[in-house]
Amino acid sequence: MQAARRYFKSFASGFVVAVPVTVTFLDYVGYVARVEGASMQPFLNPEDRSFNDVVLLNRWSVRNFKVNRGDVVSLASPRDPEQRIIKRVIALEGDTVKTRTYKNRYVRVPSGHFWVEGDNFGHSLDSNFFGPVSVGLMHARASHILWPPQRWQRIKPFLPDDRRPLDKDTIAHLEEQGAVSIPNT
């Protein structure tokens, strides 16, 4: 009985320490998540497989809400804050982007926001549907693909050439025509 009591006491004290440490780690450093859906294909969840990619989501790297164009991020959906989505950062605040299906053809991303898109156009609810997204909705940056083992890799920022923000000359020309919109968000 004495040994059982010592064992329980040891287990309980370890549990009391482990839970706060684990919660702190998950809140501030990072966690692992399974990517579902087709919005980031072919980069994540390539079509020829029947299982989902698992990624490491790095919370520490976005603690100051700093991201780069081309980063893959996890964020709360602007349509359903309980749902987390994973998208690629296309444009940052101050950038002007040519949209695909948004109500305005050209949008200047307002301060404190960014423009995100899924890699699989036509299969993604992203900024082309809900507009620029507040950086405050961002949870983490995807830093590595962990599963399946043959796809293990560091996720490097990548921005397709056709999705780059517009250059200054193009923006000046569009502003002369009144074609650039700055959303009220």
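Predicted model: local features only at pLDDT ≥ 70, side-chain atom pairs only at ≥ 80, totals over all residues.
1. The unreviewed UniProt entry lists Ser 39 and Lys 87 under "active site". They are spread over 49 residues of sequence, yet they cluster in space, with a largest C-alpha distance of 7.9 Å. Both Ser 39 and Lys 87 belong to the lining of the largest pocket.

2. Ser 39 sits in the loop between β1 (30–34) and β2. Ser 39 counts as buried because its relative accessibility is 12%, under the 20% cut-off. Among the residues it touches are Ile 86, Gly 118, Asp 119 and His 123.

3. Lys 87 is part of strand β4 (residues 84–92). Its relative accessibility is 4%, so Lys 87 is buried. The side chains of Lys 87 and Ser 39 make a polar contact at 3.0 Å. Lys 87 also touches other residues, including Met 40, Asp 71, Glu 117 and Asp 126.

4. Asp 71 is in the loop between β2 (54–58) and β3 (72–76) and is buried, with a relative accessible area of 5%. A polar atom of its side chain lies 2.8 Å from the backbone nitrogen of Asn 68. The contacts of Asp 71 include Lys 87, Arg 88, Arg 141 and Pro 157.

5. Arg 141, in strand β9 (residues 138–147), is buried but has no salt bridge. Why does Asp 71 not count as a salt-bridge partner of Arg 141? The side chain of Asp 71 is the nearest of opposite charge, but it is 4.5 Å away, and a salt bridge has to be within 4 Å. Arg 141 does touch Asp 71, and its other contacts include Leu 56, Asn 58 and Val 73.

Key: Residues numbered from 1 in each chain as written. Heavy atoms only, no water. Helix = DSSP H or I, 4+ residues; strand = E, 2+ residues; numbered from the N terminus. Buried < 20%, exposed > 50% of the residue type's maximum accessible area, 1.4 Å probe, protein only. Lys, Arg positive; Asp, Glu negative; His and termini not counted. Contact = heavy atoms within 4.5 Å. Polar contact = N/O pair within 3.5 Å; in protein donor to acceptor, adjacent residues only side chain to side chain. UniProt positions renumbered as here; feature names shortened; annotations may be inferred. 1 Å grid on protein atoms, 1.4 Å probe; cavity = no way out; pocket = protein on both sides within 12 Å on 5 of 7 lines; lining within 4 Å. Lists of a residue's contacts leave out its neighbours within four places in sequence.
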